[in-house]
Amino acid sequence: MNHAPPPATATERRATSHAPSPPARPPLLQVEGLSKEYPVNSPWFGRRGVFTAVGGVSFSLAKGETLGLVGESGSGKSTVARCLMQLERPTGGRVLLEGQDLAQLGQSELRPLRRVMQIIFQDPYSALNPRMTAGRFVADPIIIHEGRQPRQALEQRVEALFAKVGLDNSHIHRYPHEFSGGQRQRICIARALALSPRLIVADEPITALDVSIQAQIINLLQQLQDEQGLSYLFISHDLGMVRHICHRVAVMLRGMIVETGSVEDIFNDPRHLYTQALLSATLEADPALERSKKRTFYSPTPAGRLTAGYMREVSPGHFVREEL
Ligand SMILES: Nc1ncnc2c1ncn2[C@@H]1O[C@H](COP(=O)(O)OP(=O)(O)O)[C@@H](O)[C@H]1O
Ligand SMILES: [Mg+2]
């Protein structure tokens with residue numbers, strides 16, 4: 001009798017170049033036609049208008065999967081993140097978390113779902129509260145969602161969370177200014193983990209850190225995924241890192257996704273001119289390769305947003321935006 005091999009960890013799945021796609025069960029997160037418009041006053045005519053920061057973004061995220069969201073600054077990545085978390089209400093579309101449409105829920109109905117989905121930001125220092133010890137900061141969501149706890153039980157949970165992110169007990173009673181950047185991001189990750197979420201939205205989580213520390217935080221995120229089956233929406237403009245840790249990638253331009261597919265699709269067979277330009281702008285480690293590389297540029301209509309289009313499937317799971 002054949003025994004099925006043990007399930008591969010997320011790291012092993014990433015290591016195989018043709019990793020099988022995640023199993024076909026309902027996705028943890030499904031985003032359909034998400035859009036966010038901001039009211040603006042036109043300086044020219046004093047007229048009220050709207051600025052479409054995100055214009056109809058759709059993607060899904062399975063359990064244990066990491067989706068990379070890449071694109072130039074201002075393309076709408078953080079707006080997508082804030083709308084997913086309902087920190088800002090989308091102006092259109094649906095955000096289905098485990099099948100429930102978050103946009104339809106009121107603040108009190110959202111509360112239990114906030115446990116499922118957490119966010120970490122680029123700048124851990126501004127996320128921390130300067131007047132709260134690290135331990136209190138990590139315990140805060142537990143107290144908010146579960147009420148006051150017996151002191152000892154709470155301390156044990158906080159200690160376990162600190163251990164999980166590689167900080168020791170002596171750090172618990174210190175204040176944010178006493179930590180390094182990498183340690184501060186670890187504290188933010190510990191807080192995000194406090195309620196055992198299934199999905200973490202990581203908005204440029206390593207951008208503000210020293211290069212040597214970046215790898216440590218990435219390793220920590222991968223280790224947590226392997227242990228707990230976490231899903232990540234990993235927002236970054238570091239394409240090398242995205243290639244290293246993501247299963248699938250979505251490329252954003254001017255508020256829209258212009259290409260999405262597996263890491264292999266995007267990095268080995270980019271189809272959209274913008275994806276090609278983005279890849280050609282990353283530095284190769286090999287100087288000879290870097291010198292011989294051909295750069296491509298992509299400039300859609302100058303200031304305008306993209307016009308109507310649709311996503312064409314060029315190979316299974318690999319979609320490219322075509323303008324109408
Ligand atoms: N509150 C806001 N009001 C008006 N415009 C905004 C607001 N927040 C973001 N924007 C605009 O939306 C666009 C997308 O921003 P953002 O989501 O932060 O991009 P990214 O994270 O990809 O750099 C930018 O042009 C930004 O100026
Ligand atoms: Mg951003």
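In this predicted model, strand β8 (residues 231-235) is largely enclosed by the rest of the structure, because five of its five residues are buried. Buried here means under 20% relative accessible area. In a regular strand the side chains alternate between the two faces of the sheet. In β8, S231, L233 and I235 point one way, while Y232 and F234 point the other way, and all are buried.

Strand β8 pairs with two strands described here. Strand β3 (residues 66-70) is parallel to β8 and is joined to it by four bridges, with L67 as the bridge partner of L233. Strand β7 (residues 199-203) also runs parallel to β8, over five bridges, and V201 stands opposite L233. From β7 the chain passes through helix α8 (residues 211-228) to reach β8, a right-handed β-α-β crossover.

| Residue | Protein atom | Ligand 1 atom | Distance |
|---|---|---|---|
| G76 | backbone N or O | oxygen | 3.0 Å |
| S78 | polar side-chain atom | oxygen | 2.9 Å |
| T79 | polar side-chain atom | oxygen | 2.5 Å |

On its own, ligand 1 has 560 Å² of accessible area, of which the protein covers 63%.

Conventions:
Residues numbered from 1 in each chain as written. Chains lettered and ligands numbered in written order. Predicted model: local features only at pLDDT ≥ 70, side-chain atom pairs only at ≥ 80, totals over all residues. Heavy atoms only, no water. Buried < 20%, exposed > 50% of the residue type's maximum accessible area, 1.4 Å probe, protein only. Pairing = 2+ DSSP bridges. Right-handed = clockwise from strand over helix to strand, strands pointing away. Polar contact = N/O pair within 3.5 Å; in protein donor to acceptor, adjacent residues only side chain to side chain. Areas by Shrake-Rupley, 256 points an atom, 1.4 Å probe, with all protein chains shown as cover.
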